[in-house]
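Reader: I am new to this structure and would like to go through it step by step. Could you show it to me, please?

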Amino acid sequence: MSKKRKISLSEEELVLALRNREKIAIEALYDMYSSSLYGVISRIIIDTATAEDVLQETFVKIWHSFSSYSTEKGRLFTWMVNIARNLSIDKIRSKDFKNQNKNQELENNVTSIDEQRSTVYKPELLGIKELVETLKPDQKAILDLVYFKGYTHVEAAEELAVPLGTVKTRLRMAIQQLRKHFN
């Protein structure tokens, strides 16, 4: 039984292959980004099976909506992370997901908590953790709630007991600070 070799392309090669709808593009996309995207998704969705489903939905959406990606607007990875994050948030806000979670047995909840503790998400491999650490504590707190835990701005304001305008201002300032590292 031989192990399949992972495909790795440069970002330019990958973008070109995706634009041309080449089979190698989806394989390379999965090989190169599945673990990172799963890390983003599993920070929002605790249930492993649901997180894996959302990962697959993410790749399908990337494939079908690639024509909307523009290299002028940002890096491919950033665009894909936003898709993964948005699909994850949509999933946990969906009525079906909420009803499913209400009906889980106690045993499933214990398993879910155990799985949550062993989830592997290593933002330090992407350099994100170090960049976020450069932010002010109030900016880090809001960024964590909104981008990593899927809170709405209103929910973040309630959680932190600050006005909604303050949340939006701090979030905007945090993003501006982080952008400085990419320009």
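Reader: Is Trp 79 buried or exposed?

Author: Happy to start there, and please keep in mind that this is a predicted model. The relative accessibility of Trp 79 is 17%. Buried means under 20%, so with its 17% Trp 79 counts as buried.

Reader: What kind of aromatic pair do Phe 66 and Trp 79 form?

Author: A pair of aromatic rings is described by the distance of the centres and the angle of the planes. For Phe 66 and Trp 79 the centres are 5.7 Å apart, and the angle between the planes is 85°. Planes over 60 degrees apart count as edge-to-face, so the pair of Phe 66 and Trp 79, at 85°, is edge-to-face.

Reader: How many residues apart in sequence are the parts that this pair ties together?

Author: Phe 66 sits in the loop between helix H3 (48-64) and helix H4 (76-93), while Trp 79 belongs to helix H4. The pair therefore ties together parts whose separation in sequence is 13 residues.

Reader: And what do we call the pair of Tyr 69 and Trp 79?

Author: Here the ring centres of Tyr 69 and Trp 79 are 5.3 Å apart, with the planes at 50°. Stacked needs under 30 degrees and edge-to-face over 60, so this pair, at 50°, is tilted.

Reader: Turning to helix H1, why do its buried residues line one face?

Author: The buried residues in H1 (residues 11-19) are Leu 14, Val 15, Ala 17 and Leu 18. On the other side of H1, Glu 12 and Leu 16 are exposed. The buried ones line one face because, seen down the axis of H1, they fall within an arc of 165°.

Reader: Which helices do the buried residues of H1 pack against?

Author: Let us take the buried side again, which includes Leu 14 and Leu 18. The buried residues of H1 pack against H2, H3 and H4.

Reader: How far apart are the end C-alpha atoms of helix H2?

Author: Helix H2 (residues 23-44) has 22 residues, so at 1.5 Å a residue it should span 32 Å. H2 also bends, by about 60° at Tyr 33.

Technical notes. Residues numbered from 1 in each chain as written. Predicted model: local features only at pLDDT ≥ 70, side-chain atom pairs only at ≥ 80, totals over all residues. Heavy atoms only, no water. Helix = DSSP H or I, 4+ residues; strand = E, 2+ residues; numbered from the N terminus. Expected span 1.5 Å × (residues − 1). Bend = angle between axes of the 7 residues up to and from the residue. Phe/Tyr/Trp six-rings, centres within 6.5 Å; stacked < 30°, edge-to-face > 60°. Buried < 20%, exposed > 50% of the residue type's maximum accessible area, 1.4 Å probe, protein only. Arc of directions from axis to C-beta. Contact = heavy atoms within 4.5 Å.
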